[in-house]
Amino acid sequence: MGEKKVSLPAKLINGGVAGLVGVTCVFPIDLAKTRLQNQQGIQVYKGMLDCLAKTVRSEGYFGCYRGAAVNLTLVTPEKAIKLAANDVFRQKLSKDGHLPLWGEVLAGCGAGTCQVVVTTPMEMLKIQLQDAGRLAAQRPVTAQAQAAATGPAPSLVAPPPQARSTPPPRPSATGITAELLKTRGLAGLYRGAGATLMRDVPFSMIYFPLFANLNALGRTGSQGDVQAQAPFWQSFVAGCSAGSVAAVAVTPLDVIKTRLQTLQKGEGEDSYRGILDCTRRILTREGPSAFLKGATCRALVIAPLFGIAQGVYFLGVGEMVLGFWG
């Protein structure tokens with residue numbers, strides 16, 4: 001008996017629900033990843049745990065969820081498109097119920113390409129909101145470094161109120177969107193689209209075939225057909241394993257994408273003219289190891305994110321919702 005057929009509306013619901021649950025669970029680690037990847041000169045954070053601890057200390061617990069509203073709003077269409085597109089491509093490329101490896105890779109490629117239309121503006125807005133706390137934390141460090149270099153005698157007299165530096169207002173997703181549309185048009189929201197495509201297509205080409213094969217382990221009959229739907233634990237483990245492998249594999253591309261999409265730079269940090277310029281500057285100024293910044297965070301984010309996604313997807317939440325409303 002083959003796996004049961006799932007309708008497209010059910011796939012969209014499954015992908016959306018899975019994305020909401022997954023993002024809620026792992027968003028703080030994703031915030032740490034963005035801040036670590038954007039560090040160039042001044043090292044505000046020493047690692048993931050240090051970043052999260054300092055974020056909670058300076059911004060409160062909910063500071064770890066800065067930018068989460070954007071993700072939670074757009075992750076539903078993003079994950080729905082990704083999972084549904086992969087299934088549609090797999091069905092179209094299958095012959096007599098069998099999908100060769102090249103077909104699995106091609107289906108993943110198609111899914112990664114389709115999702116970019118939502119992923120790029122989502123990541124663009126999310127990164128600005130996530131990185132704002134790092135830039136704010138960097139200013140006192142920069143001031144201390146400059147004071148140590150010049151060596152002025154500390155003053156016991158507090159500066160007048162007008163002389164004190166006031167922190168910049170916190171950015172908002174609507175404010176950033178309005179400013180980008182006003183100054184750069186729709187293209188402003190799709191800054192870094194090429195880098196996003198360069199990351200997401202290889203990710204999907206690795207993830208989906210690997211997941212499909214891990215999820216089919218132990219369920220293949222003598223004729224080579226899949227005998228039954230995978231149990232929840234197998235779908236979850238397969239999603240976690242495939243997700244972590246794919247995430248680490250494309251981390252260098254994610255670093256480039258993050259740097260290109262970051263609009264506000266800190267003291268002495270580079271701005272880039274494109275993918276090749278970004279790659280060259282990172283390699284020259286920071287060395288090859290900079291391309292693996294946030295790799296651990298990415299694995300810790302993507303593994304449970306896709307594990308939960310595939311678990312919900314195979315539990316059939318969408319079918320239950322449609323059945324309830326039907």
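Predicted model: local features only at pLDDT ≥ 70, side-chain atom pairs only at ≥ 80, totals over all residues.
**Exercise 1. Is leucine 31 buried or exposed, and which residues does it touch?**

Solution. Step 1: leucine 31 lies in helix 1. Step 2: its relative accessibility is 0%, so leucine 31 counts as buried. Step 3: not counting residues up to four places away in sequence, leucine 31 touches Thr55, Gly63, Cys64, Arg66 and Gln130. Step 4: leucine 31 and cysteine 297 are 266 residues apart along the chain, yet 9.1 Å separates their C-alpha atoms.

**Exercise 2. Describe the nonpolar cores.**

Solution. A nonpolar core is a set of buried Ala, Val, Leu, Ile, Met, Phe, Trp, Tyr and Cys residues joined through side-chain atoms within 4.5 Å. In soluble globular proteins, nonpolar side chains tend to be buried together.

Step 1: take the largest core. It has 34 residues, and Met48, Phe203, Tyr207 and Ile302 touch the most other members. Helices 1, 2, 3, 7, 8 and 11 each supply at least two residues of this core. Helix 11 gives the largest share, seven residues.

Step 2: Methionine 48 touches Ile29, Ala32, Leu36, Cys297 and Leu300, not counting residues up to four places away in sequence.

**Exercise 3. Where is the largest cavity lined, and by which classes of residue?**

Solution. Step 1: search. Rolling a probe the size of a water molecule over the atoms shows where empty space is left. On a 1 Å grid over the protein atoms alone, a cavity is a set of points where a 1.4 Å probe fits but cannot get out; lining residues have an atom within 4 Å of a point. The whole structure holds one cavity of 30 Å³ or more.

Step 1: size it. The largest cavity has a volume of about 320 Å³ (the space filled by probe spheres set on the points, which are joined across faces, edges and corners).

Step 2: list the lining. It has 23 residues, and Lys79, Glu123, Arg199, Ile302 and Leu305 lie nearest the centre. Helix 1, helix 3, helix 4, helix 7 and helix 11 each supply at least two lining residues.

Step 3: sort by class. The lining has ten nonpolar, two polar and eleven charged residues (Ala, Val, Leu, Ile, Met, Phe, Trp, Tyr, Cys and Pro count as nonpolar, Asp, Glu, Lys and Arg as charged, and the others, Gly among them, as polar).

**Exercise 4. Work through the aromatic pairs.**

Solution. Step 1: count. The structure holds six aromatic pairs (rings of Phe, Tyr and Trp, with its six-membered ring, whose centres lie within 6.5 Å; planes under 30 degrees apart count as stacked, over 60 as edge-to-face and the rest as tilted).

Step 1: one of them is stacked: phenylalanine 27 and tyrosine 65, at 6.1 Å centre to centre and 15 degrees between the planes. Phenylalanine 27 is in helix 1 and tyrosine 65 in the loop between helix 2 and helix 3, 38 residues apart.

Step 2: compare accessibility. Phenylalanine 27, at 2%, counts as buried. Tyrosine 65, at 21%, is partly exposed.

Step 3: Tyrosine 61 and phenylalanine 62 lie 5.3 Å centre to centre, with 75 degrees between the planes. Ring pairs link Phe27, Tyr61, Phe62 and Tyr65 into a cluster.

Notes:
Residues numbered from 1 in each chain as written. Heavy atoms only, no water. 1 Å grid on protein atoms, 1.4 Å probe; cavity = no way out; pocket = protein on both sides within 12 Å on 5 of 7 lines; lining within 4 Å. Helix = DSSP H or I, 4+ residues; strand = E, 2+ residues; numbered from the N terminus. Buried < 20%, exposed > 50% of the residue type's maximum accessible area, 1.4 Å probe, protein only. Contact = heavy atoms within 4.5 Å.
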